[in-house]
Each structure stands twice: as C-alpha cells, then as structure tokens.
Amino acid sequence: MEEKRKQLRIGLAGLGNVGTGVYKNLLKNQDLLSERTGTTLVVTKIAVRDINRKRDIEVPKELITSNWNELIEDPDIDVIVELIGGVDEAFKLISGALNANKAVVTGNKAVLAERGKELIELSEKQNAPLYCEAAVAGGIPIIKAVKEALIGNRIGSIYGIINGTSNYILTRMNSGGIEFSEALAEATEKGYAEADPSLDINGWDAGHKAIILGWLSYGQWLRTEEVSVIGIEDISLDDVAFADDLGYEIKLLGVIRQAKNDERIEVRVSPNLIPKDHILSSVDGVFNAVAVHGDVVGETLFYGSGAGQDATSSAVISDLADAAENINNRVGCTGFVPKGEFGTVLPLSETISQYYLRLSVADRPGVLAKIATITANHDVGILSVIQPEPESSTEHIPLVLLLHDASYGTVQAALKSILELDTVEPKHTLLRVETLEQ
Ligand SMILES: NC(=O)c1ccc[n+]([C@@H]2O[C@H](COP(=O)([O-])OP(=O)(O)OC[C@H]3O[C@@H](n4cnc5c(N)ncnc54)[C@H](OP(=O)(O)O)[C@@H]3O)[C@@H](O)[C@H]2O)c1
C-alpha cells in the first residue's frame, strides 16, 4: 500500500490581497505541490481582523478566527504565514510563532526592515526557520537567488527597481507626458497604488526592501535612519524631458553595494537618471527588476511582477514548499553569513556618483561662467550643459548641468555656493546619475 502522504499544516494570518492568493493557489495546485514536495500543504486555520467581512473566495467558516493566537497555540499547526502587514502586531505574531517553535513565512518587508535583526536572532535561537521570499520584489525569486544560487559570490552591487507603483508613475510621465499627480491618480484608478500610497511615493517601501537585500548580501542589518531614502514626489515633467535629452531615463532605484576601496556598504533609494541603453531603463509599468553583480557569476538580471495577489502568493508558496521539506530537519534562520551585526555604512556625504542639477538662473551673460568656477573650485567637473532658448522673454531660464563623479558632500557644498549667487533662484533639482557599473 502506498505510504500515506505527510501533511504540512498551515496557519494563515491575513486573508487580504496576498492571503487570498495563497489560499486560492494552494488549492489550485495542491496535487502538483504534493507531487513535488511529497507533502500535502493544507491551510487548517485562518486569522483575520473582521470575521464578518465578505471575501472574494469561499472559505469554510470553521477555519476562520479573529484571534491569531489560536494559530500559535494550535499544536497541530506546523507553519504560520504572516500576511497581516504593519510592524508592531506582525512582530508580536512572528516572534510568538518562533517562540512556539513554529516555522514562519512572511511577506512583510516593513517588520523585517524595522525588527529583522531581532527576529532572525530569535529564529536561530529557537531553531525555527523564518522565510521571506515575498518581502522583496513580489513574484521575483530574488531572495532565493541571492542566498542560494549566488552563495558562492561576493556581491559587488545590487541595483533594483523594486517598487511597481513608482515605476508605473515614472513610466507614464516618461512615455505619456503626464504630470506626477495625474500619473498617481491613474495608478490608483487601475488598482496599482494602495489607498494610502505614501510608502510607495516617499520611497520607503523600496527602502525596506533595500535593507533586506543589504542584510542578505552583506550580513548587516542597517537601521532605517542609516539608509538614505528619497521618493519621487518632486520629479517634474521638465526633469523627465531634460533627462531624455541627455540620454537618460529617471527610475526610482535601490542601490545596495560595497564601497570601492573599503568594507563599508551603501544602501540607498532615490530617483536616479540611468542610461537609456541600459536594460533596466526598459523595465516599465508595474514591473520590477533587480540587477545583481557577483564576483564569480558577473552580471545577472531578475525581472517580473513585483506585487499583486498571484505573483506574491507564488513566492509565499515557494517558502511553504521549503518549510515542507525542512520540517523534519530544522534549521533556524534562512539568511546567509556573515551574520547580522550592525555593519558600517558609508555616510551619505561620502557616496559617489554623477549628478543632474537643474537650476533656474537669470537670463544674463556670465552666469554659467560663475557657476563653472564654483564647481571647478570644488573639483567637480561638468560633463554637459543644457540651456534651452527661452520661449518668451522671461527673467529666469532653466540651466541643466550633468556633473562628473563626486561625493554627495562635495556636490552639496558646491550647490550651496551656487545658490548664494544673486543670479540663481533657490528652487532647484539635484538627482543622482547612476551609470550602473559594478
Ligand atoms: N499586496 C501586495 O502585492 C504585496 C506584495 C508583496 C508583499 N506584500 C506584503 O504582504 C502583507 C499583506 O499584504 P496585503 O496586500 O495582503 O494586505 P491586506 O490586503 O491589507 O490584507 C491584510 C489582511 O490581514 C488581516 N489582518 C490585519 N490585522 C490583523 C490582525 N491584527 N489579526 C488578524 N488579521 C489581521 C486583514 O483582515 P480583514 O480582511 O478582516 O481586514 C486582512 O485579511 C504586507 O506585509 C505587505 O507588505 C504585499
């Protein structure tokens, strides 16, 4: 007689967008998963906030509870899937589950970015694994790629378009010629942006993911205050058009890399000009892409859906399959060494890149010469200049400079002197230009 298949009993916390996808797709591919893992993956309890809410899918009433503690206290549940979001409640839930020696799967980048170090230490102490494939870039298997497939590499750099909403907005500004506010309204109408899109727009959704990638790549949990995060809310159509004239496209980019000459690491998120002929500039709409450079493998690129019910649930299910395989062979913590001490971060003022600077200057001879003298005094070279002919007689006209590689601190000092000139208006735009070299 065929041996009875083992079961992985799952407690699902959260039946919202992603939780619904996990429940639905586990049922859809149950036989396939059972064949592949040798284990039947079964949801045996679900915690939600409001048990009376009407759901998009049919779920047996007896599975549902409004108290997630019931999942942790149930001795028959092997693994808890945390998909409730937020930081404090999710931390209690995940740490409670690990303390009860249950494996945990989470898609929650915010709780990992804020409290990942504590959770990973607890996971190791309790010998209860914590999986988080869905927390970065949704359906793209970037966590597994970095920690498993690229384990033999020192990571030189990761450049990621890791927020679909902001990428959609910038794509529409670039290709549709519409302003930021109109593109955001469009993203909301199409269901790409959350009801409260602030974490997408201010860069922090990508910032949380960049912190997780920094941990995976360098074993260091950076504090949120150590990471420079700038959102896309101040990008104008003028900047998009000038970038285009210069041969670039503006993308919200997560940069995770080791400094060239020392051990310090750089983790930051900001709108960047990237070359139009680089493959990342063709990543449009809500899609995500992550370029990873390893010292052995060289350049690799991962592309796909960075969010959404089905894509994200695919990542959660892959973690559940790992949990099914590991359930009898437990190892806490699924990051890779070196282990998470707080690392040394390259201060923002020392980070080096090229820059795009858009100024508004008096339409008079000699202004550019004065600005060039200031940049030269700070040892910052000018790569190109755009000074469009004014369409009508106007006191101030735009002046766009592309500046050579320099530290952010040096460029800020030069900018301060430039803005002290009486021929230069205070309003300006300073963006990084990322050549995306390793
Ligand atoms: N959406 C995506 O595309 C995506 C992609 C990658 C990662 N993620 C991450 O996945 C997580 C879930 O996202 P989501 O979009 O699915 O969120 P969501 O649609 O807002 O769903 C949240 C779910 O959690 C339940 N919940 C909230 N607080 C609870 C509590 N205290 N006790 C029990 N249940 C509680 C809610 O219950 P009710 O239904 O009763 O309100 C709801 O079912 C987040 O951490 C998010 O960052 C999402």
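Helices and strands here are DSSP runs, numbered from the N terminus (helices H or I, at least four residues; strands E, at least two). I work on a predicted model, where local features need pLDDT of at least 70, side-chain atom pairs count only at pLDDT 80 or more, and totals for chains, interfaces and linings use all residues. Residues are numbered from 1 along each chain as its sequence is written, and side-chain values use heavy atoms, with hydrogens and water left out.

**Entry 1: Ala 128**

I looked for Ala 128 and found it in the loop between helix H5 (109-126) and strand S6 (130-131). Is Ala 128 buried or exposed? I call a residue buried under 20% relative accessible area, exposed over 50%, and partly exposed in between (1.4 Å probe, protein chains only). Ala 128 counts as buried, because its relative accessibility is 0%.

Helix H2 spans residues 30-37, and its buried residues are Leu 33, Ser 34 and Thr 37. They cover an arc of only 100 degrees around the axis, so they sit on the same side of H2. The arc is that of the directions from the helix axis to the C-beta atoms. Asp 31, Glu 35 and Arg 36 are exposed, on the face turned away from the buried side of H2.

What do the buried residues of H2 pack against? I find helix H1 (17-28), strand S2 (39-47) and helix H12 (309-326). Contact means heavy atoms within 4.5 Å. Just after H2, Gly 38 takes a positive phi of about 75 degrees.

Thr 39 is in strand S2. It is buried, at a relative accessible area of 3%. Leaving aside neighbours within four places in sequence, Thr 39 is in contact with Lys 6, Gln 7, Leu 8, Leu 33, Ser 34 and Ala 324.

**Entry 2: H14**

Helix H14 (residues 408-419) has 12 residues. It reaches 16 Å from first C-alpha to last, close to the 16 Å expected at 1.5 Å a residue. The expected span is 1.5 Å times one less than the number of residues. Tyr 408, Val 411, Ala 414, Leu 415 and Ile 418 are buried in H14. Down the axis of H14 they fall within an arc of 125 degrees, so they line one face of the helix. They pack against strand S13 (352-362), helix H13 (367-377), strand S15 (396-407) and strand S16 (429-433).

On a 1 Å grid over the protein atoms alone, a cavity is a set of points where a 1.4 Å probe fits but cannot get out; a pocket is an open set with protein on both sides within 12 Å along at least five of seven lines; lining residues have an atom within 4 Å of a point. Grid points are joined across faces, edges and corners, and a volume is the space filled by probe spheres set on the points.

I count 1 cavity of 30 Å³ or more. The largest cavity has a volume of about 40 Å³. Which element gives the most to its lining? H14 does, with 4 residues. Leu 357, Thr 375, Val 380 and Leu 403 are among the other lining residues.

The second largest pocket has a volume of about 630 Å³. Its lining has 30 residues, with Asp 234, His 428, Thr 429, Leu 430 and Leu 431 nearest its centre.
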